[in-house]
Amino acid sequence: MRRFWAPLAVAVCASLVACSQQGPSVVATQPPPVPTPAPSASALGTPVVTAKDVIAKGLKAPWGIAFLPDGSALVTERDSKRVLKLTKGTGHDSPYAVSEVGVIQEADPGGEGGLLGIAVSPDYAQDQTIFLYYTSSTDNRVVRWKIGGKPEPILTGIPMAGNHDGGRLAFGPDKMLYVTTGDAARSANSQDKNSLGGKILRMTPDGKPAPGNPFNNYAWTFGHRNVQGISWDSSGRMWASEFGQNTWDEINLIEKGNNYGWPEVEGAAGDKRFTDPIAAFPTSESSCSGTAVAGDILAVACLRGQRLILVHVPPGGVSKPNAQLVKEFGRLRAAVLAPDKSLWVLTNNFDGRCNAGCTKHPDDDRILRITVGT
C-alpha cells in the first residue's frame, strides 16, 4: 500500500533546534505533492476538534500517560521523577483527583532525559505490571514496575544524551511492547542495525526481542532521528511522529524492517532505499511528540508548533493534515486514547522550552480532554 502514497508536506507543525551533529546528505527542498490514496484525500473530510476541556492542572512537565483497567490514569513527570494517578470522582461532572503513587529514584533527569514513557500491561488485572522508560546515569532503559515496588530493568544500554532520547512506550495490537529511541545526538546509531539508538524496537513483556522481528534483534524499523509518538489505526497500521533537524519533521507510516533514512535523508528523498514520510512539516512550525488514534483520526501533539495535528486515516486512505488548538494551550507533549474514546493531551509549558511566543497559563501544566470528528 505504501508505494501508492506520495508524501505530503504541510506547513503546520515544528522541530527542536538542531543539535551539533552531521546533517543529512539529502534534504527535500520542495514540499512533496498531496497524496492520492483511495478514497481521495478530498473525500475524507477535514478532521477537527469538536469539544475540549481541562480536567487536571498544576502538573510539572508531564511526559507520558496510560490508563488502568478501572479507568484511572497514570502520568509520568519527566523532571520530578513522579508517577501520578488521576482518579475521577463519582459524579458526572466531578473533577479528577491527582495523587502521587511513586517516585522513580533511579531516573536521572537532564536535558530531554528523565522519567519518560509509560505503558500498562495488557494483562494488568492479573499481573499489576507497568512499564516505564527512563534515563539513568548511564543509559536509557525500559523497566517493569509495580506500584509500591522497585523498578526491574528488562532492557538496558539504550544510548542516552542531553537530547534525542526517544522514550515512548506502547503495546501494539500483537500485545508486544514497542519502544521508540533517539539517536542520542550520534547520527550513526540510526543506520546501525545492531545499535538500540535511532530505532523503533519491538520486544516481549519479558524484555526479549519479539518473535518475527526483521533483523533477529530488537529493531523493528531503523533510520530514525528521534521518534516520540507511536499509535495504531483501526486497520492495524502503525503511525509515528519524528523530529527532523533543520528542514522537515515527519509523520511516518511504520512498516516492518523499513529504513526511514536518517541521517542520509531528511524529509522525502524519493530514493527507493528509504521510506518517505506520509506528511512532512517545516521545522520552524513543528516539533511534534506523542500520537494517538481516535475513530480513525490520527492526532499528533506538537511542542514548538503549539498545536494538535489531525489526520483522517481510515483503512486505505489518508487526508490532508489539519492544525487545531494553535497556540491555544501552548506546547503539547502527548496524546492518548481514553476509555471513553476521547483524547487526553498533556501540555508541556514547564519543560524549560516555553520561551518567547509560547502560550503559558497560570494552571500549567494541564491535561486536556478533547473529542475529534470530521
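**Figure 1. Arg353 and Glu112 meet in a salt bridge.** At 37% relative accessibility, Arg353 counts as partly exposed in this predicted model. Its partner in the salt bridge is Glu112, with 3.4 Å from N to O. Arg353 sits in the loop between strand E26 (343-347) and strand E27 (367-373). Glu112 sits in the loop between strand E7 (96-103) and strand E8 (115-120). Is Glu112 buried or exposed? Glu112 counts as buried, because its relative accessibility is 10% and the cut-off for buried is under 20%.

**Figure 2. Arg333 forms a salt bridge with Asp351.** The closest N and O atoms of this pair are 3.6 Å apart. Arg333 belongs to strand E25. Asp351 belongs to the loop between E26 and E27. The two residues are 18 residues apart, and the pair links distant parts of the chain. Both Arg333 and Asp351 are buried.

**Figure 3. Glu328 and Lys52 join their side chains in a salt bridge.** The N to O distance is 2.7 Å. Where do the two residues lie? Glu328 is in the loop between strand E24 (322-324) and strand E25 (332-337). Lys52 is in strand E3 (residues 48-56). They are 276 residues apart, and the pair links distant parts of the chain. Glu328 is partly exposed, with a relative accessible area of 35%. Lys52 is also partly exposed, with a relative accessible area of 42%.

**Figure 4. Glu77, Arg82 and Glu100 are linked in a network of salt bridges.** How many salt bridges does a search of the whole structure find? The search finds 16.

**Figure 5. Strands E4 and E5 form a hairpin.** E4 (residues 62-67) pairs with E5 (residues 73-77) in the antiparallel sense. The pairing runs over five bridges. Five residues lie between the two strands. Gly71, in the turn, has a positive phi of about 95 degrees. Why is E4 described as largely enclosed by the rest of the structure? Six of its six residues are buried, so the strand is largely enclosed.

**Figure 6. Glu242 is buried yet has no salt bridge.** Glu242 lies in strand E17 (residues 238-242). Which side chain of opposite charge is nearest to Glu242? It is Arg225, 7.2 Å away. A salt bridge needs the atoms to be within 4 Å. The backbone of Arg225 makes another approach: its nitrogen lies 2.4 Å from a polar atom of the Glu242 side chain. Leaving out residues up to four places away in sequence, Glu242 touches Gly223, His224, Arg225, Asn226, Val227, Asp249, Glu250 and Asn252.

**Figure 7. Thr247 lies in the loop between E17 and strand E18 (248-254).** Thr247 is partly exposed, with a relative accessible area of 26%. Pro282 is 35 residues away from Thr247 in sequence. In space, the two are 5.6 Å apart, C-alpha to C-alpha.

**Figure 8. The whole protein has two helices and 27 strands.** Of its 374 residues, 61% count as buried. Among contacts with a separation of 6 or more, 58% come from residues 24 or more positions apart. The accessible surface comes to about 14000 Å². Carbon and sulfur atoms account for 51% of that surface.

Conventions
Residues numbered from 1 in each chain as written. Predicted model: local features only at pLDDT ≥ 70, side-chain atom pairs only at ≥ 80, totals over all residues. Heavy atoms only, no water. Helix = DSSP H or I, 4+ residues; strand = E, 2+ residues; numbered from the N terminus. Buried < 20%, exposed > 50% of the residue type's maximum accessible area, 1.4 Å probe, protein only. Lys, Arg positive; Asp, Glu negative; His and termini not counted. Polar contact = N/O pair within 3.5 Å; in protein donor to acceptor, adjacent residues only side chain to side chain. Contact = heavy atoms within 4.5 Å. Areas by Shrake-Rupley, 256 points an atom, 1.4 Å probe, with all protein chains shown as cover. Pairing = 2+ DSSP bridges.
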